[in-house]
Amino acid sequence: MSEYRETGAPTVTKSMTQGLERQRSDRTRRPRFMLKTLIAITALIAIGAGVYFLAIYPRIQNNQELNAAAAAAGKRAVTVVESTQTSSAPDLVLPGNIEANQQTSIYGRVDGYIARWYVDIGAHVEQGQVLADIDAPQIDANLRMAKARLELAEANLKLAQTNSVRSQQLFQTHVNSQQQLDTVLATEQIQKATRDNAAAALKSTQDMKAFERIRAPFAGTITARYIDFGSLVTSGSGTSVHSLFDLAQSDRVRVLVYVPQADISSVRPGTPAAITVDEYPNETFTGKIARDAGAFDPSSRTLLLQIDVPNPDGRLFAGMYAHARFSLPSPTAALLIPNNAILIDAKGSRIVVVDSSNKIHIKSVKLGRDFGTKTEILSGLDTQDRVVQNPADDLHEGMPIAIQSTRGPVGAP
C-alpha cells in the first residue's frame, strides 16, 4: 500500500526509484540501437547493389556485342592480309642430292680368282694403289706362249737375213737368178713382220698380266668391297658381272638440284649457294654453281644444276639429302602475297581486295615467281590494298563485308 505523508504527497519507495532509472537507461540505449541498425541496413544495401552490378554487367556487355553483331547482320566476315613490297626476292630453297666428285665401280679385266685383297670399306687410297691381286693361270700360260713365239720369230728372221746376204752374193756372181733373189728378200720381209707381230702379242699379254693387280684409278675412299679370298673374277662389266670395289672421291662433293623455269635467269654458273643437311642443323656449307645441264627436263620443266662444295673433313657423304639456298636479287620491287589469296580460273589470275569502305573489289593481276607459300605480283596490286585470304566464290564486286581479322605483311625477306 502506498504510504502518504501528512501533506498528502505520495511516498517514493526504492523499487520505484529503480524503475525510473531503468526507464531512463532504456531511453538512452534506444537511439544507439537505431543508429547501429541503420548502419547495418545501409551496408546490406551497398553489398546488394554491388552483387547486382556484377551480375548484370556481363549481360550488358553481351548485349553490346549482340548489338554490334546485329549491326553487321547480312555482311560476310573475311580475313585480310597486307602485301609486302621488297627490293629483293625471298631466298630460293631447293632440295638436292649429294654425290661424290668422282665415283666408280672397279671390275676385273682378266678371268681368275682373288689371291689376296688389301683394302676394305672406308679405306682411303691413293691413285695407282694396289687393291687386290688376281690369280689368272691362263694369262700366265699365254705370256709364256707369247715369249716362245717371239723367240721363234726372231730365229726365223735371223735365218732369213743370212739367206738374203748369201743370195745377194750369189746373184753378183750370176749363180742365182733375179727371181731367186727376190724370193729370198721377200722371205726376209715376211719373217720381219712375223717377228713384229710376235713382239706386239707379247706386249699385249704383258699388259693383260698387269691387270692381275687391281689398282685404284684415282684417290678416294673405298665405299664397298664385293670380294674375298678365292672369289671368282670374270672380266668385263654389266649385269652378269660383279664388281670388285666401289670407289668414291669426296674431298669435294657435288649437289645436284633441279631449278624451275621461272628462276633460271637468277641462277647461273658462279652463283653462290648455301647447303644445309638435317644431320647438321646449325651448320651451313658454302658452294657455288659449277655448271648446268644445258637443257630442261621435259617431264618436270626444270633445269639440272651442279653445285660444287668443298668437303675437306669428309662430313658430307655421297647419297645424303640436302637443301640448297640461293639469295637471289630481284631486278624490280616485288609485291608478295600468300598463294591462298590468288584466284586462278578461266578469267585468269585475280585477287579480291577490300577498300576503305569495306567493300569488295576484284582485280586482275600478273603473277611472277612462286616461292612456295608466297607469290610475286608484277602488276595489278597496290601496296595499300588489303587482300582477302581464301576468298569464297560468292564474293562479288561492291559487296559489303565485315573484316574478321587483319594479318600483317607477309614474306618480307
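Predicted model: local features only at pLDDT ≥ 70, side-chain atom pairs only at ≥ 80, totals over all residues.

Visitor: What share of the contacts joins residues at least 24 apart?

Guide: When contacts between residues at least 6 apart in sequence are taken, 74% join residues at least 24 apart.

Visitor: How many aromatic pairs does a search of the whole structure find?

Guide: The search finds two aromatic pairs. One involves Trp117 and Phe229, whose ring centres are 5.8 Å apart and whose planes meet at 25°, so the pair is stacked. For this reading, the angle between planes must be under 30 degrees. The pair links distant parts of the chain, 112 residues apart: Trp117 belongs to strand 4 (residues 112-117), whereas Phe229 is in the loop between strand 8 (220-225) and strand 9 (232-233).

Visitor: Are Trp117 and Phe229 buried or exposed?

Guide: Relative accessible area is the quantity to consult. Trp117 is partly exposed at 22%, while Phe229 counts as exposed at 53%.

Visitor: Which charged residue lies over the face of Trp117?

Guide: Both the distance to the ring centre and the direction from the ring matter in such a reading. Arg225 lies over the face of Trp117, at 3.9 Å from the ring centre. Elsewhere, Arg109 is placed over the face of Phe211, at 5.8 Å from the ring centre.

Visitor: Which residues lie nearest the centre of the largest pocket?

Guide: The largest pocket holds about 420 Å³ of space and is lined by 23 residues, with His124, Thr221, Ala248, Gln249 and Ser250 nearest its centre. Strand 3 (92-106), strand 5 (124-125), strand 8 and strand 10 (245-260) each give two or more residues to the lining. Strand 10 provides the largest share, six residues.

Visitor: Where does Asn176 lie, and is this residue buried or exposed?

Guide: Position and accessibility should be read together. Asn176 lies in the loop between helix 2 (137-172) and helix 3 (178-210). Its relative accessible area is 17%, and the cut-off for burial is under 20%, so Asn176 is buried. Apart from neighbours within four places in sequence, Asn176 is in contact with Ser167, Leu170 and Phe171.

Terms used: Residues numbered from 1 in each chain as written. Heavy atoms only, no water. Phe/Tyr/Trp six-rings, centres within 6.5 Å; stacked < 30°, edge-to-face > 60°. Helix = DSSP H or I, 4+ residues; strand = E, 2+ residues; numbered from the N terminus. Buried < 20%, exposed > 50% of the residue type's maximum accessible area, 1.4 Å probe, protein only. Lys NZ or Arg CZ within 6 Å of the ring centre and 35° of its normal. Contact = heavy atoms within 4.5 Å. 1 Å grid on protein atoms, 1.4 Å probe; cavity = no way out; pocket = protein on both sides within 12 Å on 5 of 7 lines; lining within 4 Å. Points joined across faces, edges and corners; volume = space filled by probe spheres on them.
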